[in-house]
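Here's a quick briefing for anyone meeting this structure for the first time. Have a look at it, then read on.

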Amino acid sequence: RILLFPFGNNNNDTVSIYLDFADPKGAPPGWHACVQFALVLWNPDDPTHQIHHNAQHRFTAEESDWGFTRFYEFRKLFSPCERRTRPLIEGEAANITAFVRVLKDPTGVLWHNFINYDSKKETGYVGLKNQGATCYMNSLLQSLYCTNYFRK
């Protein structure tokens with residue numbers, strides 16, 4: 001779905017547009033989709049007059065929408081500006097197009113934010129926590145642990 005907030009999401013001087021997964025509650029546990037997308041707002045009578053933004057996001061049930069809070073300034077929609085001879089909205093109409101590419105994620109970590117990630121559950125390993133200025137020692141121990149001779 002495309003979510004449109006013509007008077008903005010946090011303020012009323014910019015248009016906000018988001019791409020949304022329609023049914024995050026009905027998704028299976030652990031569901032995700034890695035997506036590259038572009039959202040285009042354009043004049044229906046002249047598609048050469050347009051504004052676009054692109055992004056990439058890992059859609060999950062917890063983060064089911066992603067987009068642009070400040071997609072474009074509201075006042076600029078109704079007048080020609082920025083090298084355009086026509087406004088983006090004419091006759092109270094504009095079009096929004098979403099170009100979407102869903103990527104396969106065989107590793108399961110593409111654009112992962114690792115919130116609520118349980119490394120022991122996923123990998124069987126726990127890792128080390130930084131106790132303050134111990135990061136160099138932690139990285140050395142983890143590197144040595146990956147050396148079979150040292151681990152034995």
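Predicted model: local features only at pLDDT ≥ 70, side-chain atom pairs only at ≥ 80, totals over all residues.

**Fold and overall shape**
- You'll find six strands and three helices in the protein.
- Reading from the N terminus, the order is β-β-β-β-β-β-α-α-α.
- The protein's radius of gyration is 23 Å, while a compact globule of 152 residues would come in near 15 Å.
- Along the principal axes, the C-alpha atoms fill a box of roughly 75 × 35 × 25 Å.

**Burial and contacts**
- Of the 152 residues in the protein, 26% are buried.
- Take the contacts with a separation of 6 or more: 56% of them link residues 24 or more positions apart.

**Charges**
- The protein carries 16 positive and 15 negative side chains.
- The centres of those two sets sit 11 Å apart.

**Two residues in a loop**
- Most residues other than glycine have a negative phi.
- Glu82 has a positive phi, near 55°, and sits in the loop between β5 (65-73) and β6 (95-103).
- Glu82 is partly exposed, with a relative accessible area of 39%.
- Arg83 isn't a glycine either, yet its phi is positive at about 65°.
- Arg83 lies in the loop between β5 and β6, and counts as exposed because its relative accessible area is 86%, with exposed meaning over 50%.

Technical notes: Residues numbered from 1 in each chain as written. Heavy atoms only, no water. Helix = DSSP H or I, 4+ residues; strand = E, 2+ residues; numbered from the N terminus. Rg over C-alpha atoms; globule rule 2.2 N^0.38 Å. Buried < 20%, exposed > 50% of the residue type's maximum accessible area, 1.4 Å probe, protein only. Contact = heavy atoms within 4.5 Å. Lys, Arg positive; Asp, Glu negative; His and termini not counted. Charge placed at Lys NZ, Arg CZ, Asp CG, Glu CD.
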